[in-house]
Amino acid sequence: MGYLLIAPTGIGLAVFYLWPVLQTAYFSFTEWGPFGGHEWTGLENYRTLAGDEEVLRALGNTALYTLLGLAGIPVAIVFAALLNRRRLRGVSVYRTLFFLPVVTMPVAVAMVWRWLYNGEYGLINYVLSLAGIDGPHWIADPATALYALAAVGIWTTVGYNLVIFLAGMQAIPRQYYEAAAIDGAGPLAQFRKVTLPLLSPSIFFVSVISVIGSLQLFDLVYVIGGSGQSARNNPAYPRIQTIVALFYDKAFYTNDRGYAAAIVMALLALIVVLTAVQFRLQKRWVHYG
């Protein structure tokens, strides 16, 4: 009876998750022709992958975006601490406003920010021009493109992280703060000595999902940075092309699906390794109970 009850979910996971992974792993050892069909090539795709400068560049862009995305964690912690103050009015309104970007469609978010970042008629440069500042072409400038995408990524995830941190803070017993106050600890000392250590399980959870999500960045690159011919016309595209964006280009524009499968399987291995490292290191700084 137990297997019967979990069968709908189990079958769905097997068909839509497990089978595609296995199929992609098989395709990573093949070479595809321009009109379909494939032949077994063994480890040839992985040998090419190891020395491909385009892959290494995309990996570097993804790594930098991931590091920048982690900066959103302390931002969310600060906002959560401000909303966790006692007798603060309108907390539910603030939560809703912060969470709105999370439930907004990623493509819609990217289209709005693409307009905001426009170097000629974007709102950001218009506001800067009022102060006499000539703003750059944010997405077309290699020096600012990746940082502009990271800012959008942080903006879209702060609301979700804030809710997690706020729930973690509200679960901390008030007795700890009262004891700290009796010992002479001020608000900042209480935050550093009480809140952060007891919030470490939530910080660990958010850091894991943030790294996984950042490594899979695609929608912002696709909509804001462009794809296909429009991406090739963007001088900053090599600075914002991520691993998943490179996989998409190889699979659907150059039709090199075997090599694209090898790229995405390498990404899967990287995510597994980094997640394992995070779980290994969490024993040193995460405090449960």
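What volume does the largest pocket have? The largest pocket has a volume of about 570 Å³. This is a predicted model, in which local features need pLDDT of at least 70, side-chain atom pairs count only at pLDDT 80 or more, and totals for chains, interfaces and linings use all residues. Residues are numbered from 1 along each chain as its sequence is written, and side-chain values use heavy atoms, without hydrogens and water.

A pocket here is an open set of points on a 1 Å grid over the protein atoms alone, where a 1.4 Å probe fits, with protein on both sides within 12 Å along at least five of seven lines. Its volume is the space filled by probe spheres set on the points. Lining residues have an atom within 4 Å of a point.

The lining of the largest pocket counts 25 residues. Tyr 65, Gly 153, Thr 156, Thr 157 and Gly 213 lie nearest the centre. Helix α8 gives the largest share, 7 residues. By type, the lining has 14 nonpolar, 10 polar and 1 charged. Gly counts as polar, and Asp, Glu, Lys and Arg as charged.

Now turn to a helix pair. Helices are DSSP runs (H or I, at least four residues), numbered from the N terminus. The axes of α1 (residues 2-27) and α15 (residues 257-285) come within 7 Å and cross at roughly 120°. Therefore α1 is oblique to α15; angles under 35 degrees count as roughly parallel, over 145 as roughly antiparallel, 65 to 115 as roughly perpendicular and the rest as oblique. Val 21, Thr 24, Ala 25 and Phe 27 of α1 make the contact (heavy atoms within 4.5 Å). From α15 come Gly 258, Ala 261, Val 264, Met 265 and Leu 268.

Notes: Axes fitted to C-alpha atoms, helices over the stretch in contact; angles between N-to-C directions. Helix = DSSP H or I, 4+ residues; strand = E, 2+ residues; numbered from the N terminus.
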